[in-house]
Amino acid sequence: MASRSLGGLSGIRGGGGGGGKKSLSSRNAAVERRNLITVCRFSVKTLIDRSCFETIDDSSPEFNNFAAILEQILSHRLKGQVTWFGYESPRSFWDYIRVACRKVSQNCICSIENMENVSSSRAKGRAWIRVALMEKHLSEYISTALRDFKTTRRFYEDGAIVLGEEANMLAGMLLGLNAIDFSFCLKGEGLDGSFPAVIDYTPYLKYIQSSDSISSDEEELRTLGSSGSESSTPENVGPPFLMDENSWFNKCKRVKQKYQLTLEQKGYLEELLRLRENQLSESVSQNKILLQRIEDSDLAHKLEKEQLEYIIVELQDQLKSYQSLDQLSAEVSLSQTSLDPGQSQEGDGKQDTLNIMSEGKEDTPSLLGLCGSLTSVASYKSLTSLKSNDYLASPTTEMTSPGLTPS
């Protein structure tokens with residue numbers, strides 16, 4: 001029974017040890033990812049600060065460190081390339097970039113592939129980092145590659161930075177590098193792909209004491225000195241004062257640099273604000289001119305509409321007068337058929353007279369009214385009733401026998 005109990009305990013310990021190893025490996029992977037992302041953020045900040053005072057090129061230690069950090073991030077848990085014999089050969093992050101970043105418009109992938117002095121895959125990846133920084137498109141390249149999740153999953157193992165939540169942070173922090181003007185030589189020693197990139201952590205591990213920490217250290221030193229020997233004097237705490245003076249000098253220098261940077265940014269923002277105000281004033285003036293044009297065009301359209309309506313009314317009146325003249329001519333023709341043949345010739349003359357009057361008259365309401373009064377049926381009947389052989393001569397008789405007189 002004792003042996004069984006001990007065996008059970010050993011089995012439990014073995015199971016617990018397997019779970020502990022798994023949790024330890026996951027913790028190590030998470031710490032590794034967090035360290036690389038944090039150091040990358042620090043390197044981006046140092047690059048931005050350094051660019052305010054000098055041009056960033058291959059000789060800049062801040063850039064060399066940033067390039068090494070980015071290379072380590074893109075190579076984190078990168079799968080090897082399986083050969084025909086089933087072995088995995090090491091692969092560079094350039095193999096992933098050239099496949100995942102071809103969708104970027106006007107990309108430099110083909111240019112990097114055709115470079116003569118760059119042969120290895122690692123060297124092409126380093127050249128791509130420099131070209132992307134000079135083009136100010138590094139963040140766009142990384143964002144496009146991370147959106148292609150299928151390709152990313154094909155090239156990286158589980159737990160890689162580009163497959164985790166840290167990938168979005170990486171694309172965001174690289175966006176600030178678009179404000180820096182880089183200048184690189186693509187034929188230098190930095191493109192040598194025979195050696196792996198090494199990160200220098202010392203610039204980010206410096207401890208700068210603040211004024212509060214310095215005062216507390218001074219008090220602790222005094223306490224320790226008084227407890228060690230009763231004859232201790234204030235002169236024994238000289239080094240802390242020197243450290244305090246140096247720290248204040250460095251702090252003043254940093255504040256001055258920040259002040260100069262803030263002053264430059266203030267001038268830039270003021271100039272930008274002035275430019276935007278000028279653009280706004282121009283837009284307002286153009287808007288006023290356009291509104292005035294719209295009002296003028298509306299007024300012109302209203303006047304034109306009124307004129308067209310007036311013309312339409314006149315045309316309708318003229319059409320009605322023409323219709324009345326047509327009715328009158330029809331009545332005249334009917335009355336002529338009812339008269340004798342001798343009177344038909346006179347009726348034809350009157351009809352011709354009416355036609356001449358209707359053709360030669362002006363298209364005005366006054367003349368139309370006048371013509372209507374002269375050519376009315378009542379006036380025509382009064383004229384025909386007054387016609388007789390005693391008072392009026394037949395026009396046919398006068399034309400055929402001009403020498404005869406009426407009886």
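**Figure 1. Overview of the chain in the predicted model.** Helices, as runs of at least four residues, and strands, as runs of at least two, are taken from DSSP and numbered from the N terminus. On this basis the secondary structure of the chain, seen here in a predicted model, comes to 14 helices and 2 strands. Of the 407 residues of the chain, 24% count as buried, while the chain exposes about 28500 Å², of which carbon and sulfur atoms supply 57%. Among the contacts in the chain with a separation of 6 or more, 72% are between residues 24 or more positions apart.

Figure 2. Glu71 lies in helix 2, which covers residues 61-74. Is Glu71 buried or exposed? With a relative accessible area of 8%, Glu71 falls under the 20% limit and is therefore buried. When residues up to four places away in sequence are not counted, Glu71 touches Phe93, Arg122, Arg126 and Ala197.

**Figure 3. The ring pair of Trp128 and Tyr141.** A search of the whole structure finds 7 aromatic pairs, and one of them is formed by Trp128 and Tyr141. The centres of these two rings are 5.7 Å apart and their planes stand at 80°, so the pair is edge-to-face, given that an angle over 60 degrees counts as such. Trp128 belongs to helix 5 (residues 121-135) and Tyr141 to helix 6 (residues 138-147), so the pair ties together parts that are 13 residues apart in sequence. Trp128 counts as buried at 0% relative accessibility, and Tyr141 is buried too, with a relative accessible area of 0%.

**Figure 4. Arg41 and the ring of Phe42.** In this view the charged end of Arg41 sits over the ring of Phe42, at 5.9 Å from the centre of that ring.

**Figure 5. The second largest pocket.** About 310 Å³ of space lies in the second largest pocket. Which of the 14 residues that line this pocket are the closest to its centre? They are Ile48, Ser51, Cys52, Ala179 and Ile180. Helix 1 (2-51) and helix 10 (238-338) are the elements that give two or more residues to the lining of this pocket.

**Figure 6. Thr144 in helix 6.** Thr144 lies in helix 6, and at 10% relative accessibility Thr144 counts as buried. Leaving aside residues up to four places away in sequence, Thr144 touches Ala100, Lys103 and Val104.

**Figure 7. The largest cavity and its lining.** A search of the whole structure finds 1 cavity of 30 Å³ or more, and the largest cavity has a volume of about 30 Å³. Its lining is made up of Leu74, Tyr96, Ile97, Ile142, Ala145, Leu146 and Val162. Helix 3 (93-100) and helix 6 each supply at least two residues of this lining, and the largest share, 3 residues, comes from helix 6.

Terms used. Residues numbered from 1 in each chain as written. Predicted model: local features only at pLDDT ≥ 70, side-chain atom pairs only at ≥ 80, totals over all residues. Heavy atoms only, no water. Buried < 20%, exposed > 50% of the residue type's maximum accessible area, 1.4 Å probe, protein only. Contact = heavy atoms within 4.5 Å. Areas by Shrake-Rupley, 256 points an atom, 1.4 Å probe, with all protein chains shown as cover. Phe/Tyr/Trp six-rings, centres within 6.5 Å; stacked < 30°, edge-to-face > 60°. Lys NZ or Arg CZ within 6 Å of the ring centre and 35° of its normal. 1 Å grid on protein atoms, 1.4 Å probe; cavity = no way out; pocket = protein on both sides within 12 Å on 5 of 7 lines; lining within 4 Å. Points joined across faces, edges and corners; volume = space filled by probe spheres on them.
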